[in-house]
Amino acid sequence: MKVSLFSELSSLILLIMLAVVSCPAQTEKPKVTTDEKAEQIIQRAVQAVGGDRYLNVQSIIGRGFFTDFKDGISQIPTKFVDYILYPDKERTEFSGGGVRLIQTNYRDAGWIFDGAAKTLKDQNAGQIEDFRVAMRTSIENLLRGWWRKQGATLSYVGRREAGVGRRNETVRLTYPDGFWIEYEFAAADNLPAKILYQRKHKKTDSDEKEDIPEEDRLHKPITIDGVIVPYVIDHFRNGVQTSRINYESVEFNKAIADSLFAKPASFKAVK
């Protein structure tokens, strides 16, 4: 599971790409190309994380701590509560030191409440894109097959070293626009281990952008109601750690009202 906790998460939980609405008389469905070996790895991974129990999860409430890293050094952790309602809604609340921050996304829109600045704003294009990348790169996008509606290509990459005596099986998703994600699964137990991709970032000394490798490492698998969840997710950019998500609790299929994701009428109306 991967949760998109504010701008950094892009790494971590669990949302669907925009649904493709097609009419046979007007629009052809995206062509999906798959590799048999890669498909087998995905199916084994689905069974490893819980099979039908995993696929039947419709909502998630996660609580824990988000830690930002500066130059690879951890900063003060911030408490969070993350609400996810499939297929396309997520709300993450951060709190600490008397300050409250809420980021909410639904489909291709979203809003941010900043208690310290006393503002309630729509997300800008960059923040919406961060969320879009988080959806594309999530392990749920791969295992639940949402990528198939987007015409992505699935291929087998091979085995990679993962420590002494350990190997990871690797598959790659490639989208029609060229964006790709590689997913590594432990060969020993088929559990998700890593998510790798590249994003364009502005150079520090100019306005030019360059491709920078990003990576999520999934640790500490915990079984909850028959579903295996990584309780620690570390994000790296260009080989340097930038964040950590550390869950304290995860609940599945709890009732979450749609109103939780709707933008309030005003700053004072935020609950």
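Predicted model: local features only at pLDDT ≥ 70, side-chain atom pairs only at ≥ 80, totals over all residues.
Two strands count as paired when DSSP finds at least two bridges between them.

Strand 13 covers residues 227-237, and nine of its 11 residues are buried, so the rest of the structure largely encloses it. On one side of the story is strand 14 (residues 240-252), which pairs with strand 13 in the antiparallel sense over six bridges. The two form a hairpin with two residues between them, and Asn-238 in that turn has a positive phi of about 55°. Look along this pairing and you'll find Val-232 opposite Asn-246 in strand 14.

Strand 13 also has strand 12 (residues 209-224) as an antiparallel partner, this time over 10 bridges. Here too there's a hairpin with two residues between the strands, and the turn residue Asp-225 has a positive phi of about 50°. Across this pairing, Arg-217 stands opposite Asp-234 in strand 13.

Now hop to strand 9 (residues 167-174), where Asn-168 sits. Asn-168 has 4% relative accessibility, so it counts as buried, the cut-off being under 20%. Its side chain makes a polar contact with the side chain of Glu-184, at 2.8 Å. Setting aside neighbours within four places in sequence, Asn-168 also touches other residues, including Arg-159, Phe-185 and Ala-193.

Last stop: Leu-142, in helix 4 (residues 139-143). With 1% relative accessibility, Leu-142 counts as buried. Beyond its neighbours within four places in sequence, its contacts include Ile-42, Trp-147, Tyr-183 and Phe-185. Leu-173 is another contact of Leu-142; the two are 31 residues apart along the chain, yet their C-alpha atoms are separated by 8.1 Å.

Key: Residues numbered from 1 in each chain as written. Heavy atoms only, no water. Helix = DSSP H or I, 4+ residues; strand = E, 2+ residues; numbered from the N terminus. Buried < 20%, exposed > 50% of the residue type's maximum accessible area, 1.4 Å probe, protein only. Polar contact = N/O pair within 3.5 Å; in protein donor to acceptor, adjacent residues only side chain to side chain. Contact = heavy atoms within 4.5 Å.
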